[in-house]
Amino acid sequence: MLRVIFGLGSNLGDRAANIAKAIRLLDESAGLKITQVSSLYESAPVDFLDQPDFVNAAAAAETDLRPEDLLAAAQRIELEMGRVKTTDKGPRVIDVDILLYDIVEVRLPDLQVPHPRLRQRAFALVPLLEVAADAIFPTGEPVRWAIKGVDIDSVRLFSKEVASGEVASSPKGQASRNDGTTR
Ligand code: AMP
């Protein structure tokens, strides 16, 4: 089994509920088991600035799926949840990114892991390190070192938990909520 870390973001509708639902749908996907879920964090948009603030989280999962199958699962969930591509980098009900695929580097035309912008994004690094403080890049560099290069003050705690009941109600029921002791 490999450990994959997903990054999730939402800035439309009930952002916390959207993230909780996406995590539940990931957990229900064949070949994927969510093992840990971060707190929720809120931050201002970075690329396209004229849009609502985002809520972000990270989820760790065990998987035996290939990276391209994980991308397909993530994109299926985005579609299922009604994500409509309007502006590139614009508002979205849900965004599901693959931040890390164990210590493996993936370079495919439509999939790069580690996520190409992970090192520059406090809103991805902060929740990631909450669920995988020991994570390392394929280069061997600890991911926690990257936090020095970002503005962590741009990210504020939104909620310690994903919306109550969402993940725990998964049929597999194996996801544990983070109790915040790692931060
Ligand atoms: P986004 O607008 O952030 O959802 O970008 C989605 C696009 O990024 C898709 O076309 C994916 O093929 C591509 N992509 C490349 N690397 C990744 C990754 N690590 N996780 C998710 N999407 C990725």
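Trainee: Which residues are around the ligand?

Mentor: In this predicted model, the residues around the ligand are Leu71, Asp95, Asp97, Ile98, Asp110, Leu111, Gln112, Val113 and His115. Strand 5 and strand 7 are the elements that each give two or more residues to that shell.

Trainee: What makes up the shell around the ligand by class?

Mentor: The shell has four nonpolar, two polar and three charged residues. Asp, Glu, Lys and Arg are what count as charged, and the list around the ligand includes Asp95, Asp97 and Asp110.

Trainee: What makes the backbone of Asp102 worth a look?

Mentor: Asp102 has a positive phi of about 50° although it is not a glycine. Most residues other than glycine have a negative phi. You will find Asp102 in the loop between strand 5 and strand 6 (106-108).

Trainee: How do you know that the peptide bond between Val113 and Pro114 is cis?

Mentor: Look at omega: for the bond joining Val113 and Pro114, omega is about 0°, and the bond is cis. Most peptide bonds are trans. Pro114 sits in the loop between strand 7 (111-113) and helix 3.

Trainee: Now helix 2. How do you know that its span is close to the one expected?

Mentor: Helix 2 has 14 residues, and from its first C-alpha to its last it reaches 20 Å, close to the 20 Å expected at 1.5 Å a residue.

Trainee: Which residues of helix 2 are buried, and why are they said to be on the same side?

Mentor: The buried ones are Pro67, Leu70, Leu71, Ala73, Ala74 and Ile77. They cover an arc of only 160° around the axis, so they lie on the same side of helix 2. An α-helix has 3.6 residues a turn, so residues three or four places apart point the same way. The face of helix 2 turned away from the buried side carries the exposed residues Glu68, Leu79 and Glu80.

Trainee: Which elements supply the largest nonpolar core?

Mentor: That core has 50 residues, and those touching the most other members are Ile5, Phe6, Ile19, Ile23, Leu26, Ala59 and Leu128. Elements that each supply at least two of its residues include strand 1 (2-10), helix 1 (15-28), strand 4 (54-63) and helix 2 (67-80). Helix 3 gives the largest share, eight residues.

Trainee: What does Ala59 touch?

Mentor: Not counting residues up to four places away in sequence, Ala59 touches Phe6, Leu8, Ile23, Leu26, Ile34, Gln36, Val37 and Val131.

Trainee: And how many helices and strands does the chain have?

Mentor: Three helices and nine strands, running β-α-β-β-β-α-β-β-β-α-β-β from the N terminus on. Of the 183 residues of the chain, 42% count as buried.

How values were computed. Residues are numbered from 1 along each chain as its sequence is written. This is a predicted model: local features need pLDDT of at least 70, side-chain atom pairs count only at pLDDT 80 or more; totals for chains, interfaces and linings use all residues. A nonpolar core is a set of buried Ala, Val, Leu, Ile, Met, Phe, Trp, Tyr and Cys residues joined through C-beta atoms within 7 Å. A residue is buried if 20 or more other C-beta atoms lie within 10 Å of its own, exposed if 12 or fewer, and partly exposed in between; C-beta atoms are placed from the backbone. Helices (H or I, at least four residues) and strands (E, at least two) are DSSP runs, numbered from the N terminus. Two residues are in contact if their C-beta atoms, placed from the backbone, lie within 7 Å. The expected span of a helix is 1.5 Å times one less than its number of residues. The arc is that of the directions from the helix axis to the C-beta atoms. A residue is near a molecule or strand if its C-beta atom, placed from the backbone, lies within 6 Å of it.
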